Amino acid sequence: MSAAREPGSPQQMRAKAQDLEQAAERATDPQERQRLKDKARQLKEQSEHAGGTGKPDIDPM
């Protein structure tokens, strides 16, 4: 895959991650399910590091 196909903004990355999670839930092959979950997790982490408004890692209270 080329870099041009990767989502750019944090919002796009989160949306793609959600799509991948849903695809993982539908996947019947355990290896494919795990691959999709890993990719979704990676995109979520990237969106958080890119200044996204994802869930904070640490609860301030």
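Leu43 has its place in helix H2, in what is a predicted model. With a relative accessible area of 2%, Leu43 is buried, because residues under 20% relative accessible area are counted in that class. Leu43 is also one of the residues of the largest nonpolar core.

Arg14 lies 29 residues from Leu43 in sequence, while their C-alpha atoms are 6.7 Å apart in space. Gln12, a residue of helix H1, is 31 residues from Leu43 in sequence and 9.5 Å from it in space, again C-alpha to C-alpha. Whereas Leu43 is buried, Gln12 is partly exposed, with a relative accessible area of 47%.

## Overall make-up of the chain

The chain contains two helices and zero strands. Of its 61 residues, 16% are buried, and its accessible surface comes to about 5,000 Å², with 49% of that area belonging to carbon and sulfur atoms. When contacts between residues at least 6 apart in sequence are considered, 50% of them join residues that are at least 24 apart.

## The nonpolar core

Eight residues form the largest nonpolar core, namely Met13, Ala17, Leu20, Ala24, Ala27, Leu36, Ala40 and Leu43. The elements that each supply two or more of these residues are helix H1, spanning 10-26, and helix H2, spanning 30-49. Helix H1 makes the greatest contribution to this core, with four residues.

Ala27, itself a member of the core, touches Glu32, Arg33 and Leu36 when residues up to four places away in sequence are left out of the count.

## Packing of H1 against H2

Two packed helices are described by the angle between their axes and the distance between the axes. For H1 and H2 the angle is about 165 degrees, and the axes are 8 Å apart. This makes H1 roughly antiparallel to H2, because angles over 145 degrees are placed in that category. The crossing in which H1 passes H2 is left-handed.

On the H1 side, the residues that meet H2 are Pro10, Met13, Arg14, Lys16, Ala17, Leu20, Glu21, Ala23 and Ala24, and their counterparts in H2 are Arg33, Leu36, Lys37, Lys39, Ala40, Leu43, Lys44, Gln46 and Ser47.

## The segment before H1

Ser9 is found in the segment before H1, and at 29% relative accessibility Ser9 counts as partly exposed. Although Ser9 and Ala50 are 41 residues apart along the chain, their C-alpha atoms are separated by 7.8 Å.

Note on methods
Residues numbered from 1 in each chain as written. Predicted model: local features only at pLDDT ≥ 70, side-chain atom pairs only at ≥ 80, totals over all residues. Heavy atoms only, no water. Buried < 20%, exposed > 50% of the residue type's maximum accessible area, 1.4 Å probe, protein only. Contact = heavy atoms within 4.5 Å. Areas by Shrake-Rupley, 256 points an atom, 1.4 Å probe, with all protein chains shown as cover. Core = buried A, V, L, I, M, F, W, Y, C linked by side-chain atoms within 4.5 Å. Axes fitted to C-alpha atoms, helices over the stretch in contact; angles between N-to-C directions. Parallel < 35°, antiparallel > 145°, perpendicular 65-115°, else oblique. Left-handed = near helix turned anticlockwise from the far one by under 90°.
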